[in-house]
Amino acid sequence: MDSVLTELDGLGVAYETIDCDPDFADTAAFCERYGVALRDSANTIIVAGKSDPRVYVACVVLATTRLDVNGAVRRRLGVKRASFASADETVELTGMMIGGVTPFALPAELPLWVDERVMARPSVVVGGGSRSLKLRVAPAALATIPGAEVVSDLATSAG
(Lines give C-alpha, C1' and ligand atoms only; values in the text may rest on other atoms or scores of the structure.)
Protein backbone atom coordinates (compact mmCIF):
# COMPACT_ATOMS: atom_id res chain seq x y z
CA MET A 1 0.00 0.00 0.00
CA ASP A 2 2.88 2.38 0.74
CA SER A 3 4.25 1.76 -2.77
CA VAL A 4 0.90 2.84 -4.22
CA LEU A 5 0.87 6.17 -2.37
CA THR A 6 4.57 6.65 -3.17
CA GLU A 7 3.83 6.16 -6.88
CA LEU A 8 0.90 8.58 -6.75
CA ASP A 9 3.06 11.19 -5.06
CA GLY A 10 5.83 10.58 -7.61
CA LEU A 11 3.39 11.06 -10.49
CA GLY A 12 2.31 14.36 -8.92
CA VAL A 13 -1.40 13.58 -9.24
CA ALA A 14 -4.07 14.63 -6.79
CA TYR A 15 -5.86 11.84 -4.97
CA GLU A 16 -8.16 11.22 -2.05
CA THR A 17 -7.81 8.14 0.13
CA ILE A 18 -10.94 6.37 1.36
CA ASP A 19 -10.55 3.90 4.20
CA CYS A 20 -12.63 0.80 3.61
CA ASP A 21 -13.77 -2.13 5.71
CA PRO A 22 -12.14 -5.10 3.88
CA ASP A 23 -15.44 -6.99 4.11
CA PHE A 24 -16.93 -4.31 1.84
CA ALA A 25 -14.03 -3.97 -0.62
CA ASP A 26 -15.79 -5.63 -3.56
CA THR A 27 -17.26 -3.00 -5.85
CA ALA A 28 -21.01 -3.42 -5.37
CA ALA A 29 -20.69 -3.76 -1.59
CA PHE A 30 -18.30 -0.81 -1.38
CA CYS A 31 -20.52 1.46 -3.47
CA GLU A 32 -23.61 0.61 -1.44
CA ARG A 33 -21.85 0.95 1.94
CA TYR A 34 -19.98 4.18 1.18
CA GLY A 35 -22.49 5.92 -1.10
CA VAL A 36 -20.39 5.88 -4.28
CA ALA A 37 -22.25 5.62 -7.58
CA LEU A 38 -21.30 2.57 -9.65
CA ARG A 39 -20.67 4.88 -12.63
CA ASP A 40 -17.94 6.57 -10.55
CA SER A 41 -16.23 3.31 -9.60
CA ALA A 42 -13.61 1.67 -11.80
CA ASN A 43 -12.28 -1.87 -11.48
CA THR A 44 -8.74 -2.95 -12.26
CA ILE A 45 -8.96 -6.47 -13.64
CA ILE A 46 -6.06 -8.74 -14.48
CA VAL A 47 -6.59 -10.86 -17.60
CA ALA A 48 -4.55 -13.90 -18.57
CA GLY A 49 -3.95 -14.73 -22.22
CA LYS A 50 -3.90 -18.51 -22.59
CA SER A 51 -0.65 -18.85 -24.49
CA ASP A 52 2.73 -20.42 -23.78
CA PRO A 53 4.07 -18.55 -21.97
CA ARG A 54 0.95 -16.96 -20.49
CA VAL A 55 0.59 -13.22 -21.06
CA TYR A 56 -1.16 -10.80 -18.76
CA VAL A 57 -2.68 -7.34 -18.91
CA ALA A 58 -4.33 -5.06 -16.35
CA CYS A 59 -7.55 -3.44 -17.57
CA VAL A 60 -9.45 -0.58 -15.96
CA VAL A 61 -13.18 -0.40 -16.68
CA LEU A 62 -16.15 1.32 -15.10
CA ALA A 63 -18.23 -0.80 -12.74
CA THR A 64 -21.24 -0.14 -15.01
CA THR A 65 -19.53 -1.91 -17.94
CA ARG A 66 -18.23 -5.40 -18.70
CA LEU A 67 -14.67 -6.02 -19.77
CA ASP A 68 -14.72 -7.56 -23.27
CA VAL A 69 -12.31 -10.38 -22.38
CA ASN A 70 -13.16 -12.67 -25.29
CA GLY A 71 -13.27 -9.88 -27.85
CA ALA A 72 -11.24 -6.71 -27.51
CA VAL A 73 -8.83 -7.95 -24.82
CA ARG A 74 -8.12 -11.29 -26.48
CA ARG A 75 -7.52 -9.65 -29.88
CA ARG A 76 -5.22 -6.96 -28.43
CA LEU A 77 -3.24 -9.61 -26.54
CA GLY A 78 -2.92 -11.64 -29.75
CA VAL A 79 -4.07 -14.90 -28.15
CA LYS A 80 -6.73 -17.45 -29.07
CA ARG A 81 -8.19 -17.57 -25.55
CA ALA A 82 -8.22 -15.24 -22.56
CA SER A 83 -9.85 -15.27 -19.14
CA PHE A 84 -9.85 -13.41 -15.87
CA ALA A 85 -6.69 -14.19 -13.94
CA SER A 86 -7.32 -16.27 -10.84
CA ALA A 87 -7.13 -14.70 -7.40
CA ASP A 88 -3.80 -16.49 -6.86
CA GLU A 89 -2.39 -15.26 -10.19
CA THR A 90 -3.53 -11.73 -9.39
CA VAL A 91 -1.74 -11.75 -6.02
CA GLU A 92 1.37 -13.34 -7.54
CA LEU A 93 1.55 -10.75 -10.35
CA THR A 94 0.55 -7.62 -8.45
CA GLY A 95 0.97 -8.33 -4.74
CA MET A 96 -2.67 -7.22 -4.38
CA MET A 97 -5.85 -9.11 -3.55
CA ILE A 98 -8.94 -8.87 -5.72
CA GLY A 99 -11.02 -6.02 -4.31
CA GLY A 100 -7.90 -3.94 -3.74
CA VAL A 101 -6.12 -4.08 -7.11
CA THR A 102 -5.15 -0.61 -8.28
CA PRO A 103 -3.72 0.60 -11.58
CA PHE A 104 -0.99 2.36 -9.59
CA ALA A 105 2.27 0.60 -8.64
CA LEU A 106 1.70 -2.36 -10.92
CA PRO A 107 4.80 -4.19 -12.18
CA ALA A 108 6.38 -2.24 -15.06
CA GLU A 109 6.16 -5.26 -17.38
CA LEU A 110 2.38 -5.55 -16.95
CA PRO A 111 0.57 -3.58 -19.68
CA LEU A 112 -2.22 -1.27 -18.47
CA TRP A 113 -5.24 -0.62 -20.67
CA VAL A 114 -7.90 1.90 -19.62
CA ASP A 115 -11.31 1.85 -21.26
CA GLU A 116 -12.09 5.22 -22.81
CA ARG A 117 -15.36 5.47 -20.84
CA VAL A 118 -13.33 5.77 -17.63
CA MET A 119 -11.71 8.92 -18.99
CA ALA A 120 -15.11 10.62 -19.41
CA ARG A 121 -15.93 10.61 -15.67
CA PRO A 122 -15.10 13.66 -13.50
CA SER A 123 -13.45 11.32 -10.98
CA VAL A 124 -13.29 7.59 -10.33
CA VAL A 125 -12.77 5.43 -7.27
CA VAL A 126 -10.21 2.66 -7.80
CA GLY A 127 -8.58 0.13 -5.54
CA GLY A 128 -5.85 1.37 -3.25
CA GLY A 129 -3.56 -1.66 -3.26
CA SER A 130 -5.30 -3.43 -0.38
CA ARG A 131 -8.86 -4.34 0.51
CA SER A 132 -8.81 -1.64 3.21
CA LEU A 133 -8.15 1.36 0.95
CA LYS A 134 -9.73 2.98 -2.10
CA LEU A 135 -8.53 6.01 -4.04
CA ARG A 136 -10.52 8.76 -5.73
CA VAL A 137 -8.62 10.24 -8.66
CA ALA A 138 -9.30 12.25 -11.77
CA PRO A 139 -9.18 9.86 -14.74
CA ALA A 140 -6.33 11.93 -16.19
CA ALA A 141 -4.20 10.49 -13.36
CA LEU A 142 -4.49 7.07 -14.99
CA ALA A 143 -2.98 8.42 -18.20
CA THR A 144 0.11 9.56 -16.28
CA ILE A 145 1.03 5.97 -15.38
CA PRO A 146 4.02 4.96 -17.51
CA GLY A 147 2.88 2.63 -20.30
CA ALA A 148 -0.84 3.18 -19.74
CA GLU A 149 -2.97 3.14 -22.88
CA VAL A 150 -6.51 4.45 -23.27
CA VAL A 151 -8.40 1.92 -25.41
CA SER A 152 -11.67 2.35 -27.29
CA ASP A 153 -14.30 -0.33 -26.72
CA LEU A 154 -12.32 -2.29 -24.13
CA ALA A 155 -15.62 -2.82 -22.33
CA THR A 156 -19.26 -3.10 -23.28
CA SER A 157 -22.34 -1.77 -21.54
CA ALA A 158 -23.42 -4.05 -18.71
CA GLY A 159 -26.87 -5.58 -18.81
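**Figure 1. Cys31 and Cys20 in the predicted model.** The sulfur of Cys31 has its closest cysteine sulfur in Cys20, at 10.0 Å, which is too far for a bond. The model shown here and in the other views is predicted. Seen from the other residue, the sulfur of Cys20 likewise lies 10.0 Å from the closest cysteine sulfur, that of Cys31. A disulfide requires the two sulfur atoms to be within 2.5 Å; at 10.0 Å, the sulfur of Cys20 is therefore too far from that of Cys31 for a bond. A search of the whole structure gives zero disulfides. Cys31 counts as buried because its relative accessibility is 6%, under the 20% limit. Cys20 is also buried, with a relative accessibility of 6%.

**Figure 2. The largest pocket and its lining.** The volume of the largest pocket is about 440 Å³. Its lining consists of 27 residues, and those closest to the pocket centre are Thr27, Asn43, Thr44, Ile45 and Ile98. Two or more lining residues come from each of α2 (27-34), β2 (42-49), β3 (55-62), β4 (65-67) and β7. The strand β2 gives the most to this lining, with five residues. Sorted by class, the lining of the largest pocket comprises 15 nonpolar, nine polar and three charged residues.

**Figure 3. Asp26 and its contacts with Ile98, Gly99 and Arg131.** Asp26 sits in the loop between β1 (15-19) and α2. The side chain of Asp26 forms a polar contact with the side chain of Arg131, at 3.1 Å. Leaving aside residues up to four places away in sequence, Asp26 touches Ile98, Gly99 and Arg131. Asp26 and Ile98 are 72 residues apart along the chain, and their C-alpha atoms are separated by 7.9 Å. Ile98 is also among the residues closest to the centre of the largest pocket. The relative accessible area of Asp26 is 41%, so this residue is classed as partly exposed.

Figure 4. The side chains of Ser123 and Arg136 make a polar contact at 3.3 Å. With residues up to four places away in sequence not counted, Ser123 touches Asp40, Arg136, Val137, Ala138 and Pro139. Ser123 has a relative accessibility of 19% and therefore counts as buried, the limit being under 20%.

**Figure 5. The cis peptide bond between Asp52 and Pro53.** The peptide bond leading from Asp52 to Pro53 is cis, and its omega is near 5 degrees. Pro53 belongs to the loop between β2 and β3.

**Figure 6. Positive phi at Ala105 and Asp153.** Ala105 is not a glycine, yet its phi is positive, at about 65 degrees. The loop that holds Ala105 runs between α4 (87-94) and β6 (112-115). Asp153, also not a glycine, has a positive phi of about 55 degrees. This residue lies in the loop between β9 (148-151) and β10 (155-157). Asp153 is partly exposed, as its relative accessible area is 47%.

Terms used: Residues numbered from 1 in each chain as written. Predicted model: local features only at pLDDT ≥ 70, side-chain atom pairs only at ≥ 80, totals over all residues. Heavy atoms only, no water. Buried < 20%, exposed > 50% of the residue type's maximum accessible area, 1.4 Å probe, protein only. Polar contact = N/O pair within 3.5 Å; in protein donor to acceptor, adjacent residues only side chain to side chain. Contact = heavy atoms within 4.5 Å. 1 Å grid on protein atoms, 1.4 Å probe; cavity = no way out; pocket = protein on both sides within 12 Å on 5 of 7 lines; lining within 4 Å. Points joined across faces, edges and corners; volume = space filled by probe spheres on them. Helix = DSSP H or I, 4+ residues; strand = E, 2+ residues; numbered from the N terminus. Nonpolar A, V, L, I, M, F, W, Y, C, P; charged D, E, K, R; others polar.
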